[in-house]
Number of protein chains: 2
Amino acid sequence: MSTIEEALEEAAAGSATPEFVDAGVRRARAWLSRAVEPGTVDLWRYVEDVGPVDAVRRLRSGTAPAGIRSLAGPRVEQDESLIDLRRAERCGARLVVPEDDEWPALPLHALTVAAVQEPADRKDQTERTQALVPPMALWVRGNVCLDQVIDRSVGVVGSRASTAYGEHVAGELGHQLGERGWTVVSGGAFGIDGAAHRGALAAGAPTVAVLSCGVDRPYPAGNGALFHRIAETGLLVSEWPPGCAPLKHRFLVRNRLIAALTRGTVVVEAAARSGAQATANRAQKLGRPVLVVPGPVTSALSVGCHELLRDEAFGATLVTSAAQVIEAVGSIGSDLADPVARSSSPRDGLSDLAVRVLDACPVRIGVAPERLAAIAGCDVLDVLRVLPALELADLVQWTGTGWRLAPPPTPSGAAS
Amino acid sequence: MSTIEEALEEAAAGSATPEFVDAGVRRARAWLSRAVEPGTVDLWRYVEDVGPVDAVRRLRSGTAPAGIRSLAGPRVEQDESLIDLRRAERCGARLVVPEDDEWPALPLHALTVAAVQEPADRKDQTERTQALVPPMALWVRGNVCLDQVIDRSVGVVGSRASTAYGEHVAGELGHQLGERGWTVVSGGAFGIDGAAHRGALAAGAPTVAVLSCGVDRPYPAGNGALFHRIAETGLLVSEWPPGCAPLKHRFLVRNRLIAALTRGTVVVEAAARSGAQATANRAQKLGRPVLVVPGPVTSALSVGCHELLRDEAFGATLVTSAAQVIEAVGSIGSDLADPVARSSSPRDGLSDLAVRVLDACPVRIGVAPERLAAIAGCDVLDVLRVLPALELADLVQWTGTGWRLAPPPTPSGAAS
């Protein structure tokens, strides 16, 4: 097994086939993805500056600035990069790097914009778990192209301790988004995440789970069968190399990726203090629409949703269907939601006078127009003027001796 | 029994006690409230112009303009004004007129402002059922003062075919608004209206039902016991004289009064096409806050609520509690809602580094700081720097051989 220094040497000497991304670059980014926790803006800047290969060489040889070296700590001595790449290969995964064609450069550009705005002094920078920093590389398990599958994608996030209501809504959303050619991106967790993924799978659509652990042992293990199905038609994606554990702080770092990879984030159920709200915050900071499904005000699992909707400055949009989600994230013109269907009534469009005459008509015994005028409070001539229109609309009928309400129409099915 | 002409003559001759509103004015407005359907802007203007007594005289004697006379039609020949006033007296009701001290002039001023903006030509005017026109007079049944009881009031409206969820929420809102000294104003209907009134009554608070029929026979009869209780501590209010039937078009006219009398309108449940939405529209046009309670997106009875909330131009506010309602309609500063309670966690406020070290700690067997540094990806000195703070916060403990996570705190109740 070659050390990383040998591999980078070889790559630099020109052993890599020119059509493919330099093997040294991939090896270097594999090493970096384990050496320093994702979301560290100073490392990202250093790699942007000197390139991944030189960044690794200088870190390993001790010539990198002390501030950069301290980011890795004792991990700088370790090298599992080749083991990680082989472990990935064994579980059907690969490492996608920014130098690859399938790197989702366009959606992730928002993270680059945010990262360059971070102050230089580490003390003034956003906490790493909150920071918007592009990933160093993405470990990807599955057979579809990363950039293609997330081109038209929506994040669907929510509580793990979801209710039957939330799971139903997430499943329906996932299914309908999948049917309409949209990819559901979520976190693979129990509750809302799982229901959204399953809905998409049921529609035969690819779905993407963005994990905070290695793609070889997706967490939680109880969703094992689900992860297997996701990897068959969609993708498992992680910034952490194979074998990594889903530590708590990693969930927060992961959330920015769900927000960044998608055109918008839907929050289905969220408690007052929840990761789903955190993801919504990332999406909002990245300028992506935040869409929120309301729920019963009696449900603790909708408190976070309603808080997002009540915050006017935040600018979240209430959604009740996949069509409304697509309208919010899709292209203007081509993805408009149908307005909510309304039942129409024959009373629609009647003038005030006609409505008053109609309301004056008795149900059974017909009365004279003079009586209708007295009840409706209008002139007899007015009554005589509107009665023909009411009769044509089947709202009133002439009994031979007077006017009365027409009986309600027979339901169309009742005749057969 | 005196004819209205005789009564107006007597009143003009000065038989009325000066401390009280001219008996002629009350008799004239009683007559007008039956002769012309409420919400008719041209009659309101005529009465503003010539005064109620002269308006009645001219209508009766045929000297009023033809356009005004046509508003009453054959009703101009009838005079039930004295009968109506006596019928009201018999059921414990009175006629409150704009000339009375208890007339709610301030809240109803918004209707005056809207009415004067109506075009002069009848063809260009808003349909009567939609028009915002002040009432001619209000038939009021109950023992409390109209202007006082609605001074701090909120309209609570919603579907008659409500769900258990909607009724629960309306009842809770009514109860909590009542407890906090706010009067619930609603329409006395089945469903949301009734639940809101009952909630207020259960809190021992007065509540006001604004009806579209006579206060002597409130509709629906099935709410008879409820109306009886409302009249004992609150008020039944109507623009229509005793004996009038709740014709359909009258509900629409009535809705503007609920909107105008209150500081804001809360919509609890509303189908896609509903009277509650109509009331919300009136409130919005009058510049009063429209507050909307969300519900499950799977419920047809919340479709109208969610539509109101999705309409950005409409400007409705999502509310989930009485406190949030009061915050929206109350005085700035004195009626602020408490923020939603959040559970606080000892992890709150930890630095990124501390969180990483904490996540690196094993549950059972303690490990050395060097091992923690390797797992957390930071320097050993950093680990040694944050461990004391974590120990003080009872998050980690020293086992004698290494550091591990502290066991979760025992619930305070378990010790006893």
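Biologist: How many helices and strands are there in chain A?

Modeller: This is a predicted model, and its chain A holds 18 helices and eleven strands.

Biologist: What makes chain A more spread out than a compact globule?

Modeller: The globule rule gives 22 Å for 416 residues, whereas the radius of gyration of chain A is 31 Å, well over that value, so chain A is more spread out than a compact globule. The C-alpha trace spans about 105 × 50 × 40 Å along its principal axes.

Biologist: What share of the residues in chain A is buried, and what does that word require?

Modeller: A residue is called buried if 20 or more other C-beta atoms lie within 10 Å of its own. Of the 416 residues in chain A, 53% are buried.

Biologist: Into which domains is chain A divided?

Modeller: The division gives domain 1 (1-84), domain 2 (140-329) and domain 3 (352-409) of chain A. The centres of domain 1 and domain 2 of chain A, taken over C-alpha atoms, are separated by 32 Å. Six residues from domain 1 and five residues from domain 2 of chain A take part in the contact between them. On the domain 1 side, helix 2 (residues 23-35) of chain A gives the most, with three residues. By class, that side has two nonpolar, two polar and two charged residues.

Biologist: How do you know that strand 3 and strand 4 of chain A pair?

Modeller: Pairing requires at least two bridges, and strand 3 (residues 153-157) and strand 4 of chain A have three, in the parallel sense. Within this pairing, G155(A) has V185(A) as its bridge partner. The chain passes from strand 3 through helix 9 (residues 164-179) of chain A to strand 4, in a right-handed β-α-β crossover.

Biologist: Which strand 5 residue of chain A is the bridge partner of V185(A)?

Modeller: The partner is V208(A).

Definitions and conventions
Residues are numbered from 1 along each chain as its sequence is written. Chains are lettered from A and ligands numbered from 1 in the order in which they are written. This is a predicted model: local features need pLDDT of at least 70, side-chain atom pairs count only at pLDDT 80 or more; totals for chains, interfaces and linings use all residues. Helices (H or I, at least four residues) and strands (E, at least two) are DSSP runs, numbered from the N terminus. A crossover is right-handed if, with the strands pointing away from the viewer, the path from the first strand over the helix to the second runs clockwise. The radius of gyration is taken over C-alpha atoms; the globule rule is 2.2 Å times the number of residues to the power 0.38. A residue is buried if 20 or more other C-beta atoms lie within 10 Å of its own, exposed if 12 or fewer, and partly exposed in between; C-beta atoms are placed from the backbone. Domain bounds come from an automatic or database domain assignment. Two residues are in contact if their C-beta atoms, placed from the backbone, lie within 7 Å. Ala, Val, Leu, Ile, Met, Phe, Trp, Tyr, Cys and Pro count as nonpolar, Asp, Glu, Lys and Arg as charged, and the others, Gly among them, as polar.
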